[in-house]
Amino acid sequence: MPETSTPAKERRPRDRDAGVLVVGLGRFGSAIAAALDRLGQDVLAVEKDETRVAQWSGRLPLVQADATNPEALEQLGARDFRVAVVGMGTSLEASVLVTANLVDLGTPQIWAKAVTAEHGRILQRIGAHHVVYPESDAGARVAHLVSGKMLDYIEVEDDFTIVKMRPPLEMQGFTIEQSAVRRRYGVTVIGVKSPGHEFQYATPQTRVMATDLIVCGGHADVLERFAARP
C-alpha cells in the first residue's frame, strides 16, 4: 500500500482529462513537478526514496510508492491521469518498468526521460509517446549560446529554430524591409524587444536599433551563420 504524505483525495484529479503524474523526484522530475505545481496544474509526484520524499514533503503533492510495482500505481489512482512523466533515468530497469506499467494502464500521454539513444529506443518500443534527453538537449543548447551572439536558442522541429539575439550591424538603424534579411539570408524576424518597451511583432516597417533584441526563426544552419555576422 503506497504511503501518502497528505490525503490523496485532496490531490487526485477529478477525471481523466486533468492531472499530471510525475514519477521520480530527481533533478529532472522534481523540476517538472515543481513547475507544474507553480502553474496551478493538478500534479501528483511519486517517489520511492525516503530521503527525497522527506525533502519534498509539504512542498509538492506527493505519494511515497514504488512505481515499478503495477499494484502501487493502481492504488494511487494512476489511471486517472491523462499525462505521466517518467523522471528517473539512471536506472534503466526502473525507467522501463514504470513506463511499461503506465502503458498497461492506458495512460494517454507518457513522457519519459532517457540518458542514451539506446535507452530512448527501448522506451519508444514499449510505448512511450515522447522521449526526452534533458542532458543532451541542454548541452546542445548551451553550445549554440556560447558560440555566437545568440541569447536564447530553441530548436522546434525538423531543424526549424527560434533564437533571441543582438542585431548584426547591417540591421541597426534600418527597417526590416530595408535590411532584407529574409531575402538575403533566409532569416525571418518574428519580433523586436526595445529597452523599456514591450515585445512587438515585426512588420516590414519595424526599425531595429543597436540596443534592441530580435527574435528570429529559420533553419538552424542559416541562423548560426546569421548570428556570426558582425
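## Helix α5: two sides

On one side of helix α5, E118 and R125 are exposed. This is a predicted model. Helix α5 spans residues 117–126. Its buried residues are H119, G120 and L123. Seen down the axis of α5, these buried residues fall within an arc of 100°, so they line one face of the helix.

What covers the buried residues of α5? The cover includes helix α4, residues 92–105. It also includes two strands, β6 (109–113) and β7 (130–132). Just after α5 comes G127, with a positive phi of about 125°.

Strand β14 runs over residues 213–219. How many of its 7 residues are buried? The count is 6, and the strand is mostly covered.

Two pairings involve β14. Strand β9, residues 160–165, pairs with β14 in the antiparallel sense, over 6 bridges. Within this part of the model, V163 has C216 of β14 as its bridge partner. Strand β11, residues 188–193, also pairs with β14 in the antiparallel sense, here over 5 bridges. T188 stands opposite G217 in β14.

## S179 in helix α7

S179 belongs to helix α7, which covers residues 176–179. Is S179 buried or exposed? Its relative accessibility is 2%. Buried means under 20%, so S179 counts as buried.

Which residues does S179 touch, leaving aside those up to four places away in sequence? They are E170, M171, F174 and R184.

## The chain as a whole

The chain has 230 residues. Its secondary structure comprises 9 helices and 14 strands. Buried residues make up 41% of the chain.

Take the contacts with a separation of 6 or more: residues 24 or more positions apart account for 57% of them. The chain exposes about 12700 Å². Carbon and sulfur atoms supply 52% of that area.

## Summary

Strand β14 pairs antiparallel with β9 and with β11, and 6 of its 7 residues are buried. S179 is buried at 2% relative accessibility and lies in α7.

Note on methods. Residues are numbered from 1 along each chain as its sequence is written. This is a predicted model: local features need pLDDT of at least 70, side-chain atom pairs count only at pLDDT 80 or more; totals for chains, interfaces and linings use all residues. Side-chain values use heavy atoms; hydrogens and water are left out. Buried means under 20% relative accessible area, exposed over 50%, partly exposed in between (1.4 Å probe, protein chains only). Helices (H or I, at least four residues) and strands (E, at least two) are DSSP runs, numbered from the N terminus. Two strands pair if DSSP finds at least two bridges between them. Contact means heavy atoms within 4.5 Å. The arc is that of the directions from the helix axis to the C-beta atoms. Accessible areas come from the Shrake-Rupley method with a 1.4 Å probe; for residues, only the protein chains shown count as cover.
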